[in-house]
Amino acid sequence: MKKLALIMMLMLSVTAAVCAADGDPVRDVGKFQLQNTFIGFGVGSRHQGDTRTANLLLGLDITGTTLAVSGGVALGASIFVYNGMRAMVGEVTNADIWISAGVLGAGVVTLIVSKILGISMPLKY
Amino acid sequence: MRRNTIICLILAVVLVMFSSCLAMNEAKVRLAESTAVFDTEYDGEVIRDLRYGDAPRNVYDLYLPEDTAAAGASHLILFIHGGSWTSGDKEDGEPYCRNFAAHGYVAASICYTLKAEDADPTILSINGEVKEAVSAIKDKCAELGIGLTDMAVSGFSAGACQAMMYGFTGATTSALPVKFIIQMSGPTTFDPYLWSTDEVHWLVRKEAGLDGTPEGAAKWISLFSGENVTAEMVKSGEAESIWKNISPFYHITAQSIPVLSAYGSLDGVVPPTSRIVLENALEASGKVRGQDFDTVILKHSGHALACDVDELRILLAKIYDYCDRYFN
């Protein structure tokens, strides 16, 4: 928990520092990339003026986050129920676990794609 | 974009709502299939809600065979329900009792006092209730013109523990001599450290306060024995005689009656070691496997013995084999 809080603080401070820097075109691209990476939802591309990429990243981040969070919650619930059912009833299907893990995985992959695009697209615009 | 977001949110809600539904549905199907093993055509009379004592839950249902004048009708098979001593009902025994009665035996399923805010029964006090129930059933049957001569005691989970306690401690002092025990998923020992292992599902351990500490062990022993056991008594070993006294295995002697057991290999409610404790105690007292005791192991089943229909059929066949062998 402490580690997570420290990472979040570090990310916020880096983002704040980047947001504060202005004027240099190279540093600006770096700023947009960092904003796309850490703030997400296409904020960097929107600041850059690349609305098309900003909208794409917004969609990808919303989709990825939703899938990852719901997949994670469902995975936790599935594991909990599966363990209980196994203890009480016996061998039951673990398909729920695989489906939830798949949704979680799809969310993570979507977020990774979004971050890759968030770094590469500001260079092309 | 907006449509994407809405679709994702709907997917998320649906996924969380229905997560684990496949496992739960399969569990329901397995439970229904395993109960169906005991389903049989039975047209005998069932007399419900008969009383055997003054306590609110001192009631039982009596299942009479179709031919009450036949030889089998002189033998009683008593069923004691499970439910961790906190839940369960005599109706839980209906599939078993209908099957027993369909095979010509008198069957009865009893309720007993459960642990609640206003009641704190112990293993031994419930044993007393079972004794009262047997007397009442014998008298009721006499009233109906059925002369019971002996009985078998059966049960599931907590009820199986009570069945063993009754069979091992009161086989000869019972109003009807107990000839054998049929126990399914029954705890045979209250050794707190055995129950504190990972063999038992963490929720069961948490509910029971079993955390591997002497304090947890003291709470556990007090819960079932009704005695005020302290952590110091656990540390000094003084509590050992208390938990042993409420453990069925501890009452096994050379004179103990035969036991037919069934356990699920995946049981996470009662530690699987319970079976080994029972078998070791039986062998130590000179009992022979296949002759004085049998255990049917359901490899794919948990506590409810729900995932091995073929093994359940074997158990059922063994029950009637025991009836043929041990009822006079």
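Me: What makes two residues count as being in contact?
Reply: Two residues are in contact if their C-beta atoms, placed from the backbone, lie within 7 Å. Twelve residues of domain 1 of chain B are in contact with 15 residues of domain 2 of chain B. The model is predicted, with local features needing pLDDT of at least 70 and side-chain atom pairs pLDDT 80 or more, while totals for chains, interfaces and linings use all residues. Residues are numbered from 1 along each chain as its sequence is written, and chains are lettered from A and ligands numbered from 1 in the order in which they are written.

Me: Where do the domains of chain B lie?
Reply: Domain 1 covers 43–189 + 248–326 and domain 2 covers 190–246, bounds that come from an automatic or database domain assignment. Their centres, taken over C-alpha atoms, are 25 Å apart.

Me: Why is α4(B) called roughly perpendicular to α5(B)?
Reply: Helices are DSSP runs (H or I, at least four residues), numbered from the N terminus. Helix α4 (residues 123–143) and helix α5 (residues 158–170) of chain B pack at about 75°, their axes 10 Å apart. Angles of 65 to 115 degrees count as roughly perpendicular, so α4(B) is roughly perpendicular to α5(B). Among the residues making the contact are I123(B) of α4(B) and Y166(B) of α5(B).

Me: How do you know that the span of helix α4 of chain A agrees with its 38 residues?
Reply: The expected span is 1.5 Å times one less than the number of residues. For residues 51–88 of chain A that should be 56 Å, and the end C-alpha atoms are 54 Å apart, which agrees. Just after α4(A), G90(A) takes a positive phi of about 130°.

Methods
Helices (H or I, at least four residues) and strands (E, at least two) are DSSP runs, numbered from the N terminus. Axes are lines fitted to C-alpha atoms, for helices over the stretch in contact, and angles run from 0 to 180 degrees between N-to-C directions. Angles under 35 degrees count as roughly parallel, over 145 as roughly antiparallel, 65 to 115 as roughly perpendicular and the rest as oblique.
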